[in-house]
Amino acid sequence: MNKKKETILVVDDEQQIVSVVKAYLEKDGYTVYSAFDGKEALNIFENKDIDLIVLDLMLPDISGEEICKKIRINSKVPILMLTAKVEEDDRVMGLNIGADDYMIKPFSPKELVARINAILRRTRQDEVKADIIEINNGDLEIDLKKMEVKKKGKVVKLTPTEFDILALFIRNIGRVFSREELVTKILGFDYEGYNRTIDVHIKNIRHKIDDEQFKYIKTVYGIGYKFVG
């Protein structure tokens, strides 16, 4: 009997790597789907209930970076990237576009499984958190299910885009988001408008939730924004 119910999608054009990773994961109790190119990976992801993706960056049709960006438009599924790229800038870029972890080839299958276990433990903990989040002893209250925000007990009217931005910040308190990352996550990877549109949304949110006592959204000059609470 499997000890875990999670389903893993392994994406790599090297069949030997896929076979080895799949064997280790199935031995640890996971259900595993395999894909050998980007198109197949996206098709499986759209049609199966996937809990985590192991994603090679160098695929024959669509790069792993592009796949990650497409998935991150509508999904928070954990992504662990695999690559032969060893430069620090490559690793930083992978994390910035939404990867949860990063492993360089060649790698230890046992370590890969250990990292997957750790990522999914964090994911399970996040899922049991309350849908209603209070900041600063109730000064700000966010109901993620009802998409409702209250400031000092009074409902604050946010547009859907403003709420999505605030919810992203709330789920990642203290994390810095660049304008480009906010555009991708909130407006979509295919958005062709002006990146500074995000600045307008941020200004509107600040006007509605900030006051002299609490300044929630901080500008990180030269990078973007972060939420503090």
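User: How many helices and strands does the secondary structure of the chain come to?

Analyst: This is a predicted model, in which local features need pLDDT of at least 70 and side-chain atom pairs count only at pLDDT 80 or more, while totals for chains, interfaces and linings use all residues. Residues are numbered from 1 along each chain as its sequence is written, and side-chain values use heavy atoms, with hydrogens and water left out. Helices (H or I, at least four residues) and strands (E, at least two) are DSSP runs numbered from the N terminus. On that basis, the chain has eight helices and 12 strands.

User: What percentage of the 229 residues of the chain count as buried?

Analyst: Buried means under 20% relative accessible area, exposed means over 50%, and partly exposed lies in between (1.4 Å probe, protein chains only). Of the 229 residues, the share that counts as buried is 45%.

User: Which residues does Phe169 contact, leaving aside its neighbours within four places in sequence?

Analyst: Contact means heavy atoms within 4.5 Å. Phe169 is one of the residues with the most contacts inside the largest core. Beyond its sequence neighbours, Phe169 is in contact with Phe177, Leu182, Ile202, Ile217, Tyr225, Lys226 and Phe227.

User: Which element gives the most to the lining of the second largest pocket?

Analyst: A pocket is found on a 1 Å grid over the protein atoms alone, as an open set of points where a 1.4 Å probe fits, with protein on both sides within 12 Å along at least five of seven lines; lining residues have an atom within 4 Å of a point. The second largest pocket is lined by 14 residues, with Asn96, Ile97, Ser178, Glu180 and Glu181 nearest its centre. Helix 3, strand 10 (177-178) and helix 7 (179-187) each give two or more residues to this lining. The largest contribution, four residues, is that of helix 7.

User: How many residues of helix 7 are buried?

Analyst: The buried residues of helix 7 are Arg179, Glu181, Leu182, Val183, Thr184, Lys185 and Ile186. Helix 7 is therefore described as mostly covered under the cut-off for burial. Of its nine residues, the number buried is seven.

User: Is Ser75 buried or exposed?

Analyst: Ser75 is found in the loop between helix 3 (64-74) and strand 4 (79-83). A polar atom of its side chain lies 3.0 Å from the backbone nitrogen of Val77. Because its relative accessible area is 17%, Ser75 is buried.

User: What distance separates the C-alpha atoms of Thr7 and Asp51?

Analyst: Thr7 lies in strand 1 (residues 7-11) and is buried, with a relative accessible area of 10%. Not counting residues up to four places away in sequence, Thr7 touches Thr31, Tyr33, Asp49, Ile50, Asp51 and Leu52. Although Thr7 and Asp51 are 44 residues apart along the chain, their C-alpha atoms are separated by 5.2 Å.

User: Where is the cis peptide bond from Lys105 to Pro106, and what is its omega?

Analyst: Most residues other than glycine have a negative phi, and most peptide bonds are trans. Pro106 is found in the loop between strand 5 (101-104) and helix 5 (109-127). The bond from Lys105 to Pro106 is cis, with omega near -5°.

User: Is Asn137 buried or exposed?

Analyst: Asn137 is in the loop between strand 6 (132-135) and strand 7. Its phi is positive, about 55°, although Asn137 is not a glycine. Because its relative accessibility is 85%, Asn137 counts as exposed.

Note on methods. A polar contact is a pair of N or O atoms within 3.5 Å; within protein, one must be able to donate a hydrogen and the other to accept it, and residues adjacent in sequence count only if both atoms are side-chain atoms. A nonpolar core is a set of buried Ala, Val, Leu, Ile, Met, Phe, Trp, Tyr and Cys residues joined through side-chain atoms within 4.5 Å.
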